[in-house]
Amino acid sequence: MQESADIVIIGGGIVGLMTARYLALEGADVLLLEAGDLGAEASGANAGSIHLQIPYPEFAAYGEDWARAYRPCLGFLRQSLALWTALPDELGVDLDARFAGGIIVARTGTQMDRIRAKVEIEAEAGVETEILDRDGLLERAPYLSPEAVGGGFCRLEGKANPLRVIPVLARTAACAGARLVTRTRVQDIASVRGGHVVVTTRGEVQAGRIVNAAGAAAGRIGTMIGTALDISGFPLQVTITEPVAAMIPHLVYSAGGKLSLKQVANGGCVIGGGWPARERTDGVLVTDPESLAGNMDVAVRIVPALARARVLRSWTAWVNGTPDWRPILGEDPDRSDVIHALFPWVGFSAAPMTARVAADLALGRPSPVALRGLSLLYD
């Protein structure tokens with residue numbers, strides 16, 4: 001393969017595909033390189049949650065100072081969520097995107113106190129979360145356990161179906177003129193006058209600019225460029241139940257354990273929340289029975305009716321993460337012709353705005369949002 005492009009995107013997940021689509025729609029010469037199949041690592045294998053709230057487990061573990069440092073991410077996620085709500089009409093396809101709100105459920109007074117403290121910081125960023133007592137919570141969500149003492153409701157949160165999103169983005173990006181090359185691993189990157197030579201398993205690609213949207217592999221791409229990126233891959237797993245009667249319109253979290261829970265269009269309940277999968281010695285991911293049991297236990301404590309539902313399958317995903325949850329987004333500190341487009345942990349939620357920033361910077365425009373205070377690249 002001897003190719004060239006004004007802009008080469010490394011990574012064929014949701015951010016890479018959205019960036020390619022944005023660029024191609026504006027007439028840019030763009031080539032996307034994906035080591036495996038499009039969306040196969042995290043973007044097509046995640047739980048499909050569209051988050052906005054400060055994550056409760058991290059708030060409980062790291063405290064209010066951490067949450068205030070994370071606060072700029074909430075404004076970014078809010079803008080991304082606005083793009084999400086418009087995306088089905090923009091693409092002309094039903095993405096199973098629903099925005100009925102997100103509920104975090106408390107089972108103790110201490111958990112409620114933490115939710116209240118978290119809500120105050122969210123409000124400082126313009127994110128409204130309603131505090132609900134037990135009666136208010138069960139009135140809004142009668143499927144929840146009566147052992148709940150209250151919770152918080154963020155009306156803007158929602159969900160989408162990754163299995164619909166990724167193929168549609170790939171098709172529309174290609175139709176707009178983006179070239180999508182799969183099963184092509186980047187082995188090295190050499191800086192040359194006027195750009196870069198990207199060495200792949202199928203030959204060399206001449207690139208004017210590079211967008212690093214490689215997710216869990218982004219640190220390896222950074223090393224090739226000469227920039228150390230504090231980002232890693234984490235193996236997680238997700239489970240779906242058999243279809244059951246419609247009962248859960250919301251995105252549900254627990255303050256008593258890691259949980260993200262939602263019901264999809266066919267009635268299946270998708271259960272996740274950051275439970276680890278196992279990596280075999282050959283690098284293949286497999287589900288962890290202990291994580292499955294722990295995840296199901298938390299889910300049933302929050303929604304008791306799930307105890308009667310059978311699990312159909314569990315699957316794994318590589319998710320990228322930074323230690324403090326802040327994104328690595330913007331121009332490389334040493335090479336302005338390299339753009340990093342990496343939003344950790346909640347990358348599916350942040351994808352539309354992450355891609356918009358990456359596309360604008362790759363076209364030589366200023367970022368549409370302030371990156372100082374948000375991105376680790378601008379500290």
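This is a predicted model: local features need pLDDT of at least 70, side-chain atom pairs count only at pLDDT 80 or more; totals for chains, interfaces and linings use all residues.
**View 1. Strand β1 and its two neighbours.** Start with strand β1, which covers residues 2-10. On one hand, eight bridges tie β1 to strand β11 (residues 203-212), and this pair runs parallel. To find your place, look for Ala 5, which stands opposite Ala 207 in β11. On the other hand, β1 is joined to strand β2 (residues 30-33) by four bridges, again in parallel. Here Ile 7 makes a handy landmark, as Val 30 in β2 stands opposite this residue. Strands of a sheet pair through backbone hydrogen bonds, and the pairing can be parallel or antiparallel.

**View 2. A right-handed β-α-β unit.** Now follow the chain from β1 into helix α1, which spans residues 14-25. Together with β2, these elements make a β-α-β unit, and the unit is right-handed.

**View 3. An open sheet of eight strands.** Trace the strands across this sheet in the order β5-β6-β4-β13-β14-β15-β12-β18; their pairing is mixed. Which strands stand at the edges? They are β5 (130-133) and β18, and each has a single partner strand, so one side of each is left without a neighbour in the sheet. From one strand to the next, the twist averages 20°. Glu 130 has Phe 153 in β6 as its bridge partner. Helix α4 (residues 109-124) packs on the sheet and touches β4 (102-106), β5 and β6. The direction of α4 makes about 145° with that of β4.

**View 4. The second largest pocket.** Rolling a probe the size of a water molecule over the atoms shows where empty space is left. In the second largest pocket, that space comes to about 440 Å³. The pocket is lined by 23 residues, and the closest to its centre are Asn 161, Pro 162, Ile 240, Val 264 and Val 270. Which elements give two or more residues to the lining? They are α6 (162-176) and β18 (311-321). What kinds of residues make up this lining? They divide into 14 nonpolar, five polar and four charged.

Note on methods:
Residues are numbered from 1 along each chain as its sequence is written. Side-chain values use heavy atoms; hydrogens and water are left out. Two strands pair if DSSP finds at least two bridges between them. A crossover is right-handed if, with the strands pointing away from the viewer, the path from the first strand over the helix to the second runs clockwise. On a 1 Å grid over the protein atoms alone, a cavity is a set of points where a 1.4 Å probe fits but cannot get out, and a pocket is an open set with protein on both sides within 12 Å along at least five of seven lines; lining residues have an atom within 4 Å of a point. Grid points are joined across faces, edges and corners, and a volume is the space filled by probe spheres set on the points. Ala, Val, Leu, Ile, Met, Phe, Trp, Tyr, Cys and Pro count as nonpolar, Asp, Glu, Lys and Arg as charged, and the others, Gly among them, as polar. Axes are lines fitted to C-alpha atoms, for helices over the stretch in contact, and angles run from 0 to 180 degrees between N-to-C directions. Contact means heavy atoms within 4.5 Å.
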